[in-house]
Amino acid sequence: MRLFVSVDLPDDLAASVADLQAEFDDASGLNFTDPEQTHVTLKFLGDVDEDRLPALEGELEAAVADADVDPFTVRYGGLGVFPSLDYISVVWFGTETGGEELTRLHEAIEERTTAMGFEAESHDFTPHVTLARMEHAGGKDLVQELVRERDPTIGETTVEEVRLTESALTDSGPVYSTVESFPLE
């Protein structure tokens, strides 16, 4: 199973995500994410044997408890890229509020999952939602211009749970399904 841990955006923000993506329509080389599957990845786990699921779920439940985060509001907005404006591989929007809580959840999950033998993150955590991946640099100038000049607000939502999500890769893109949910209390 190809798994990751996420905070999902609600369906009612999908139209705002699609509207923002439409601003990048003229930028060739972008492969857009499905607005209805947008999320903040707290930890990418990769391929996991099904027999490890019970232990993983137990550790994720403990990690959410360790983070000691009550349900909180996230306001999504702003634009950014990874790794840099000179070499763009991912276009994303971030958080205007709620980033601190997302970071605490990430850190607790990172600690528990690396103790289980999952690979540690090689970069600092930046709470973000992927808008698109850049396949080639044809539209780089437009992407750079939009990222420099636009400061959109996507919307806000209350985060009440963290999800363990399976990503099944298909010819038409990844299909996500929730394996387990871990409520914030």
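Contact means heavy atoms within 4.5 Å. Keep that cut-off in mind for the walk through this predicted model. Local features need pLDDT of at least 70, side-chain atom pairs count only at pLDDT 80 or more, and totals for chains, interfaces and linings use all residues. Residues are numbered from 1 along each chain as its sequence is written, and side-chain values use heavy atoms, with hydrogens and water left out.

Start with L169. Leaving aside neighbours within four places in sequence, L169 is in contact with R2 and P174. L169 sits in strand β8 (residues 161-170). Strands (E, at least two residues) and helices (H or I, at least four) are DSSP runs, numbered from the N terminus. Is L169 buried or exposed? Its relative accessible area is 60%, so L169 is exposed. Buried means under 20% relative accessible area, exposed over 50%, and partly exposed in between, with a 1.4 Å probe and protein chains only. L169 and T126 are 43 residues apart in sequence and 25 Å apart in space, C-alpha to C-alpha.

Now turn to the core. A nonpolar core is a set of buried Ala, Val, Leu, Ile, Met, Phe, Trp, Tyr and Cys residues joined through side-chain atoms within 4.5 Å. The largest one has 48 residues. F24, L42, Y76, F93, V143, V162 and L164 touch the most other members. Helix α2 (residues 53-67) gives the most to this core: six residues. Look at F24. Not counting residues up to four places away in sequence, F24 touches L30, F32, L79, V91, L131, V143 and L146.

Next, follow α2 to its partner. The axes of α2 and helix α3 (residues 99-115) come within 8 Å and cross at roughly 140°. Axes are lines fitted to C-alpha atoms, for helices over the stretch in contact, and angles run from 0 to 180 degrees between N-to-C directions. The two helices are therefore oblique to each other. Angles under 35 degrees count as roughly parallel, over 145 as roughly antiparallel, 65 to 115 as roughly perpendicular, and the rest as oblique. From α2, the contact includes L56, L60 and A63. From α3, it includes L105, A108 and I109.

Two backbone details remain. D68 is found in the loop between α2 and β4. Phi of D68 is near 55°, a positive value in a residue other than glycine. D68 counts as exposed because its relative accessibility is 56%. Further on, a cis peptide bond joins F82 and P83, with omega about -10°. P83 lies in strand β4 (residues 72-83).
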